[in-house]
Amino acid sequence: MRIAVGSDHAGFDMKVQLAGFLRAAGHDVTDVGTQSGDVTVDYPEFGVAVGRRVAAGLDDLGVCACGSGIGISIAANKVPGVRAAAVHDVTTAALARRHNHANVICFGGRTTGTTTALDALTAFLAAEPEHGRHDRRVAMLDHLGTLATSGEGG
């Protein structure tokens, strides 16, 4: 699987750990940055970079990290076609993929331990999007994204 990874300075160590895990599992990983935790950078740049790669089909999934996982998920979600979820454990990771068809998973480098994040990432990768009632809801989410980019009300 092709997976884009990105983080700001606060999520850098988490991103390095997750990217190494993904590579060891045989995935093709593209790191969009940042390349150091020593210099303060802005998470929107990296959330959007991951989101654009996933939305364009260059990567199958995305993995992001910032201090809390929240800001970078908001940034990634600004890209039409991206469904990014800030997760905290195995359950939220699996449900994000199965019920919300999330294609980007986001972690908090300051809020989630490495072992928990690795377990959650494993659950996310193993989960398959469920259909039926979830398709209607995911379609609604996708429609909201088109409304936002078209300037129409909702």
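A salt bridge is defined here as a side-chain nitrogen of Lys or Arg within 4 Å of a carboxyl oxygen of Asp or Glu. The model is predicted, so local features need pLDDT of at least 70 and side-chain atom pairs count only at pLDDT 80 or more, whereas totals for chains, interfaces and linings use all residues. Residues are numbered from 1 along each chain as its sequence is written, and side-chain values use heavy atoms, with hydrogens and water left out.

**View 1. The salt bridge between Arg 53 and Asp 59.** The N-to-O distance of this pair is 2.5 Å. Asp 59 is buried at 3% relative accessibility, while Arg 53 is partly exposed at 23%. Buried denotes under 20% relative accessible area, exposed over 50%, and partly exposed the range in between (1.4 Å probe, protein chains only). By the salt-bridge rule, the count comes to four.

**View 2. The salt bridge between Asp 60 and Arg 2.** The closest N and O atoms lie 3.1 Å apart. The pair links distant parts of the chain, 58 residues apart: Asp 60 belongs to the loop between α2 (43-55) and β3 (61-66), and Arg 2 to strand β1 (residues 2-7). Helices (H or I, at least four residues) and strands (E, at least two) are DSSP runs, numbered from the N terminus. Asp 60 counts as partly exposed at 35% relative accessibility, as does Arg 2 at 32%.

**View 3. The salt bridge between Lys 15 and Asp 31.** Nitrogen and oxygen are separated by 2.9 Å. Lys 15 lies in helix α1 (residues 12-24) and Asp 31 in strand β2 (residues 28-31), so that distant parts of the chain, 16 residues apart, are linked. Lys 15 is buried, with 3% relative accessibility; Asp 31, at 28%, is partly exposed.

**View 4. The open sheet of five strands.** The strand order is β2-β1-β3-β5-β4, with parallel pairing. Two strands pair if DSSP finds at least two bridges between them. The edge strands, β2 and β4 (84-86), each pair on one side only. From one strand to the next, the twist averages 20 degrees. Three bridges join β4 to the parallel strand β5 (residues 104-108), and Ala 84 stands opposite Val 104 in β5.

**View 5. Helices α1 and α5 lying across strands of the sheet.** Helix α1 lies across β1, β2, β3 and β5, at about 165 degrees to β1. Helix α5 (residues 114-126) lies across β1, β3 and β5, at about 170 degrees to β5. Axes are lines fitted to C-alpha atoms, for helices over the stretch in contact (heavy atoms within 4.5 Å), and angles run from 0 to 180 degrees between N-to-C directions.
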